[in-house]
Amino acid sequence: MSYDSENIFAKILRGEIPCDKVYENDHALAFNDIGPQAPVHVLIIPKGPYLSSNEFCANATDAELAGFMRAIHAVAEKAGVLDSGYRLIANAGEDGHQEVPHFHVHLVGGRRIGPMIKRVD
Ligand code: AMP
């Protein structure tokens, strides 16, 4: 599967559809999730066209990787959850239930998020 430049996050990056921006730097954009699952639910996305964590982790430049990780920290700080804690989630591919084919990390917090996942197999 190749990167689809018509995905919704690509459109947000191009300014074709709006987002509720939380933070931006040279390499990453962060905005509130449209369907929040917790009081704090922010999506952090790289500005480059990376389909999933596979492509981002393998191919992003050092500057892109650093910019993305710094954005996560800035969002946690802005949201006021650095000390209370939060969870980072990156869904990838079919088993990971990734819905939007542009790499993103969910930062969720603002309440007790609970145990990680339930084993169902
Ligand atoms: P994932 O299942 O990891 O691909 O998550 C995709 C996330 O994108 C979901 O939590 C959606 O609520 C969120 N989402 C989809 N469209 C938008 C949008 N236009 N603005 C903000 N969040 C969105």
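**Note on a predicted model**

1. Start with burial. Of the 121 residues in the protein chain, 37% are buried. Buried here means under 20% relative accessible area. Keep in mind that this is a predicted model.

2. Next, the layout. The protein chain has 3 helices and 5 strands. Read from the N terminus, the order is α-β-β-β-α-α-β-β. The radius of gyration is 14 Å, close to the 14 Å from the globule rule for 121 residues, so the chain is as compact as a globular protein of that length. Its C-alpha trace spans about 40 × 35 × 30 Å along the principal axes.

3. Now look inside. The largest nonpolar core holds 18 residues. I44, F68, V75 and L107 have the most contacts within it. At least two residues come from each of β2 (28-32), β3 (40-46), α3 (62-79) and β5 (105-109). The top contributor is α3, with 5 residues. A second, separate core has 7 residues, including L29, F31, I45 and V100. In soluble globular proteins, nonpolar side chains tend to be buried together.

4. Pick out L107 in the structure. Leaving aside residues up to four places away in sequence, L107 touches V40, H41, V42, I44, I72, V75, A76, V81, Y86, R87 and L88.

5. Check how the sequence folds back on itself. Among contacts with a separation of 6 or more, 53% join residues 24 or more positions apart.

6. Finish with the surface and charges. The protein chain exposes about 7600 Å², and carbon and sulfur atoms supply 52% of that. There are 11 positive and 16 negative charges, and their mean positions lie 8 Å apart.

Terms used: Residues are numbered from 1 along each chain as its sequence is written. This is a predicted model: local features need pLDDT of at least 70, side-chain atom pairs count only at pLDDT 80 or more; totals for chains, interfaces and linings use all residues. Side-chain values use heavy atoms; hydrogens and water are left out. A nonpolar core is a set of buried Ala, Val, Leu, Ile, Met, Phe, Trp, Tyr and Cys residues joined through side-chain atoms within 4.5 Å. Buried means under 20% relative accessible area, exposed over 50%, partly exposed in between (1.4 Å probe, protein chains only). Helices (H or I, at least four residues) and strands (E, at least two) are DSSP runs, numbered from the N terminus. Contact means heavy atoms within 4.5 Å. The radius of gyration is taken over C-alpha atoms; the globule rule is 2.2 Å times the number of residues to the power 0.38. Accessible areas come from the Shrake-Rupley method with a 1.4 Å probe; for residues, only the protein chains shown count as cover. Lys and Arg count as positive and Asp and Glu as negative; His and the chain ends are not counted. The place of a charge is taken as NZ of Lys, CZ of Arg, CG of Asp or CD of Glu.
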